Amino acid sequence: MTTHTPRGCFISLEGLDGAGKSTHVPWLVDQLKARGLPVLCTREPGGTPLGEQLRQILLETSMHLKTETLLMFAARCEHVNSVILPALEAGQWVVCDRFTDASYAYQGGGRQLGKSAVHVLEQWAIPGIQPDRTWLFDVPLEVARERLARSRQLDRFEQEGEAFFERTRQAYHQRVQQQPHRFHLVDSTLPIEVVRSRLAAEIDALVSRHDRDIEGDTP
Ligand code: TYD
């Protein structure tokens, strides 16, 4: 008799630098584990030995916009094939700090590459791979800038100017408008405890939906 392991759930977290996304990643992992779920936590760019090397280059070295976008997708292709898909197939819940929406927002919007070039690369490098749910941590630009100013040394993206981040935020919002079913918009100006109590309800809803989907799939 063959046993069928139900596929895990793929959650990504997005937002401008300084929006508070990174504060909630370890918390989300703990919440899922507390509900007895097997969790893999990873990030982009990165998530594999090659991807982490590419991350260092991407965050430190100036390069042509197309080179930057290709390297983001090179790291992502490796990540999807060697980490994310195997984990999902083994039934794990994958929590990913940024995914393809960041390329639409930062390269497509912020750097003005446009969404069609990003779409072409997405279709070629990782066809059909999308998170099941994406949390977008949203704050007005001034709040993100103010939080960033308090943080450690800034990387190449974080050093960009206001217009860049305004375009990046708008591109994120466009993604939400285009795929409202996938996104959960988080008002990240609220106190952390308020954000977390709302997210806890969102996690419960996700877990129940996932359980229902599995029951629906069981032969
Ligand atoms: P980030 O995830 O914010 O990490 P940290 O919290 O350590 O600063 O940093 C990654 C940077 O990479 C961020 O500024 C956005 C950028 N990025 C892109 O421009 N395109 C992408 O596709 C991805 C995944 C990230």
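Helices (H or I, at least four residues) and strands (E, at least two) are taken as DSSP runs, numbered from the N terminus. The model is predicted, and local features need pLDDT of at least 70, side-chain atom pairs count only at pLDDT 80 or more, and totals for chains, interfaces and linings use all residues. Residues are numbered from 1 along each chain as its sequence is written, and side-chain values use heavy atoms, with hydrogens and water left out.

On this basis, Arg98 is placed in the loop between β3 (93–97) and α4. Its phi is near 75°, a positive value in a residue other than glycine. Arg98 counts as buried because its relative accessibility is 12%; buried means under 20% relative accessible area, exposed over 50%, and partly exposed in between, with a 1.4 Å probe and protein chains only. Gln112 is found in the loop between α4 and α5 (115–125) and, at 57% relative accessibility, counts as exposed. Most residues other than glycine have a negative phi, and most peptide bonds are trans. A cis peptide bond joins Glu44 and Pro45, with omega about -15°. Pro45 belongs to the loop between β2 (39–43) and α2.

For Lys21, the separation between an N or O atom of the side chain and an oxygen atom of the ligand is 3.5 Å. For Ser22, a polar side-chain atom lies 3.3 Å from a ligand oxygen atom. The side chain of Arg55 has an N or O atom 3.1 Å from an oxygen atom of the ligand. Of the 550 Å² of accessible area that the ligand has on its own, the protein covers 91%; accessible areas come from the Shrake-Rupley method with a 1.4 Å probe, and for residues only the protein chains shown count as cover.

The space taken by the ligand is the largest pocket. A pocket is found on a 1 Å grid over the protein atoms alone, as an open set of points with protein on both sides within 12 Å along at least five of seven lines, whereas a cavity is a set of points where a 1.4 Å probe fits but cannot get out; lining residues have an atom within 4 Å of a point. A molecule sits in either if more than half of its atoms lie within 2 Å of its grid points.

The side chain of His24 makes a polar contact with the side chain of Arg196 at 3.4 Å. Such a contact is a pair of N or O atoms within 3.5 Å; within protein, one must be able to donate a hydrogen and the other to accept it, and residues adjacent in sequence count only if both atoms are side-chain atoms.

Separations in sequence and space were computed for further residues. Ile203, in helix α8 (residues 192–217), counts as buried at 1% relative accessibility. Between Ile203 and Leu13 there are 190 residues in sequence and 13 Å in space, C-alpha to C-alpha. Cys9, in the segment before β1 (10–15), counts as buried at 4% relative accessibility. Cys9 and Asp132 are 123 residues apart in sequence, and their C-alpha atoms are 6.4 Å apart in space. Ser151 lies in the loop between α6 (141–149) and α7 (162–178) and, at 31% relative accessibility, counts as partly exposed. Ser151 and Leu141 are 10 residues apart in sequence and 16 Å apart in space, C-alpha to C-alpha.
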